[in-house]
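Please look at the structure first.

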There are 2 protein chains.
Amino acid sequence: MKKRLLLLGASGSIGKQTLDVIRCHQEELELVGVSVGNNVGALVDILNEFDVKYAYCINQDDIITTKYPNVKFFFGDQGLIDIVKVEDYDMLVNALVGFVGFMPTLEAINNKKDIALANKETLVAGGDIINEALQENNVKLFPIDSEHSAILQSMQGHRFEDIRRLIITASGGAFRDYSRADLVNADLEKALQHPVWNMGAKITIDSSTMMNKGFEVIEAHHLFHLPYDKIDVVIHPQSIVHSMVEYNDGSIIAQLGCPDMHLPIKYALLYPKHSLDFCSQYLDLTEVANLQFMKLDYNRFPLVRLAKELGTFGGNSGAFLNGANDEAVSLFLNNKISFVEIEEYIFNTLKDAHFKQKPTAEDLVSSHKWAMEHVDYLWANS
Amino acid sequence: MKKRLLLLGASGSIGKQTLDVIRCHQEELELVGVSVGNNVGALVDILNEFDVKYAYCINQDDIITTKYPNVKFFFGDQGLIDIVKVEDYDMLVNALVGFVGFMPTLEAINNKKDIALANKETLVAGGDIINEALQENNVKLFPIDSEHSAILQSMQGHRFEDIRRLIITASGGAFRDYSRADLVNADLEKALQHPVWNMGAKITIDSSTMMNKGFEVIEAHHLFHLPYDKIDVVIHPQSIVHSMVEYNDGSIIAQLGCPDMHLPIKYALLYPKHSLDFCSQYLDLTEVANLQFMKLDYNRFPLVRLAKELGTFGGNSGAFLNGANDEAVSLFLNNKISFVEIEEYIFNTLKDAHFKQKPTAEDLVSSHKWAMEHVDYLWANS
């Protein structure tokens with residue numbers, strides 16, 4: 001029996017690499033549904049290559065629906081929710097970028113489908129709600145993220161109660177070696193130069209501010225059910241050790257590999273297999289030669305500390321943090337604010353937020369929206 | 001139910017650290033039997049501290065047997081075989097040094113006892129026979145060795161068929177940075193200075209020649225049932241990454257920790273637990289800061305290649321290799337031969353050896369003895 005996949009975000013970086021993995025594992029994996037945003041060209045390519053039953057793009061498109069009469073199409077905001085409600089698939093691969101990914105994950109879980117999750121916002125904003133839904137529906141969620149995949153791999157076969165702490169590695173982003181004073185001169189062009197990973201603009205900026213690492217700490221808390229004081233971050237510029245788990249006897253299990261997202265995608269889709277295929281890249285540690293590790297300075301990267309603090313509080317704070325960051329980064333990418341102002345807008349927005357301990361999914365949506373709007377409001381009034 | 005342990009080699013380095021572990025885990029572990037060599041003082045200390053039923057030392061000693069009337073004593077060559085034949089224990093901890101450890105392991109397996117094995121010679125000389133006995137008697141063998149413990153830990157929860165290769169790390173020993181030409185000036189004092197581990201003289205020399213790493217490759221083959229072309233060695237001067245397992249998808253799982261033998265001892269005795277106790281040392285990777293990896297040059301360290309070649313042949317070749325090395329290192333430690341002559345005596349002895357594909361346990365004993373004597377013969381006639 002093939003695993004039938006519904007892939008959201010197929011035209012993005014993770015989506016494309018997921019298609020690579022499906023191509024390499026046609027005996028085990030089958031693409032039955034797919035979403036893109038506005039990139040109808042990418043959708044057409046996928047429909048020509050794969051025998052897909054369900055497809056989504058934002059805007060209704062009669063040319064394409066006519067051309068593919070056997071495909072059921074979904075459009076618009078509600079379409080992205082409705083497509084995950086179809087019955088005949090086994091796993092949702094959520095490679096959507098942004099908070100828009102949250103509700104489809106939740107609906108797919110309620111539809112009793114396993115999840116392979118690349119969408120960070122799902123857990124950062126709604127980790128508690130997602131975990132409740134996972135338990136109620138008895139379905140599994142696998143992370144598509146090099147760090148969390150590394151932790152999952154490093155926990156296999158070891159007892160949960162023996163875990164002392166998780167050690168998440170961080171490249172440190174484009175400005176790792178900048179002091180706080182240097183950051184004043186950090187410009188957009190430099191912020192977009194990630195030292196190791198080649199990713200989209202938003203996540204590259206999140207890496208420069210290390211907001212991304214803060215998000216990963218929150219995700220790790222929800223994925224692995226450990227308190228925040230058992231989740232540490234260490235700077236590791238080479239991004240070869242993708243993360244580690246330390247056990248009570250002092251033993252540390254780590255997962256290493258080339259910086260290549262195919263690896264965590266494959267592990268999530270084919271768990272617990274480590275399958276040989278044409279995507280496989282092998283790491284020669286003697287070519288890397290040196291792996292460095294440095295303490296994370298929480299004063300230098302205050303967003304990591306903020307994420308830990310908000311994570312500990314829980315509630316709707318992750319939705320606020322996501323929303324504030326989304327909009328602040330957007331202002332920076334549009335040259336409206338400076339790099340250090342990203343942090344300022346986030347902190348100032350969080351100051352004005354009304355926290356709620358037990359939010360509903362709808363509360364999270366409105367908290368996220370409020371935070372985005374509040375960043376704009378603060379900017380317009382600055 | 002406590003796990004009842006019979007500890008051979010209690011006064012050596014691994015033996016003492018095993019006693020530490022037992023002290024830390026008195027609710028789970030119980031020492032019921034113990035052996036020392038000539039160190040009767042150490043034996044008396046153990047008998048005073050632990051409620052032991054069985055004890056061994058080489059020479060009959062009436063003072064001690066009178067003083068401890070409730071302890072059953074064993075002496076002489078046969079005593080070390082007889083003590084493992086007693087019934088009321090669960091696991092043999094074999095921390096004997098040298099080929100003398102082989103027969104007790106085999107007898108304990110035939111006595112249906114699990115094994116925690118620090119004695120390298122058992123598997124290097126008799127891996128095939130040991131594996132047959134393990135299977136026949138349905139008992140388990142756990143390695144007490146940082147490298148093999150790391151591999152065992154890195155295999156937990158992952159599929160055996162997904163393993164691409166084992167990567168055994170090697171500090172490189174005292175002469176890692178010496179060229180072949182430099183080795184001519186390598187003296188005993190320098191050879192005894194291991195860069196990381198504080199161990200006995202014999203194993204420190206085996207580390208300098210990297211014969212030890214060759215032995216570990218053979219042990220890994222027998223422990224993990226993988227062909228030699230799937231077992232690699234990489235130089236890692238810091239000895240923090242204790243070894244790794246590479247999988248078919250390119251993922252590498254590694255085990256890291258302080259260079260502390262308590263860790264593999266605990267894992268072997270309490271498997272699969274990673275227990276918290278007073279022996280636990282925690283690694284701060286940011287203090288180590290740098291982990292280096294370099295290719296192993298098999299021409300620089302020919303004994304590793306020799307071990308791989310002999311291992312591939314199998315039969316009684318491991319017993320010859322063990323015996324030749326034992327005696328050559330002994331000659332070096334007694335200032336009879338130079339450092340580079342250790343290799344020469346081993347190679348020349350192996351040249352003269354009569355290999356046998358399906359040896360008995362007794363064949364292995366005589367092959368080991370022959371090789372030792374042949375090294376002496378070559379030396380006397382040099």
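**Domain interface in chain A**

Seven residue pairs are in polar contact between domain 1 of chain A and domain 2 of chain A, both residues at pLDDT 80 or more. A polar contact is a pair of N or O atoms within 3.5 Å; within protein, one must be able to donate a hydrogen and the other to accept it, and residues adjacent in sequence count only if both atoms are side-chain atoms.

This is a predicted model: local features need pLDDT of at least 70, side-chain atom pairs count only at pLDDT 80 or more, and totals for chains, interfaces and linings use all residues. Residues are numbered from 1 along each chain as its sequence is written, chains are lettered from A and ligands numbered from 1 in the order written, and side-chain values use heavy atoms, without hydrogens and water.

**Salt bridges**
- The rule (a side-chain nitrogen of Lys or Arg within 4 Å of a carboxyl oxygen of Asp or Glu) finds three salt bridges across this interface.
- A:Glu28 forms a salt bridge with A:Lys273, with 2.6 Å between the closest N and O atoms.

**Layout**
- Chain A is divided into domain 1 (3-143) and domain 2 (148-314), with bounds from an automatic or database domain assignment.
- Taken over C-alpha atoms, the centres of the two domains are 25 Å apart.
- Contact (heavy atoms within 4.5 Å) takes 24 residues from domain 1 of chain A and 29 residues from domain 2 of chain A.

**Buried area**
- The two domains bury about 2,300 Å² between them, 70% of it on carbon and sulfur atoms. This is the accessible area (1.4 Å probe) lost on being put together, summed over both parts.
- A:Lys120, A:Val124 and A:Pro143 supply 27% of the area that domain 1 of chain A buries against domain 2 of chain A, more than any other three residues.
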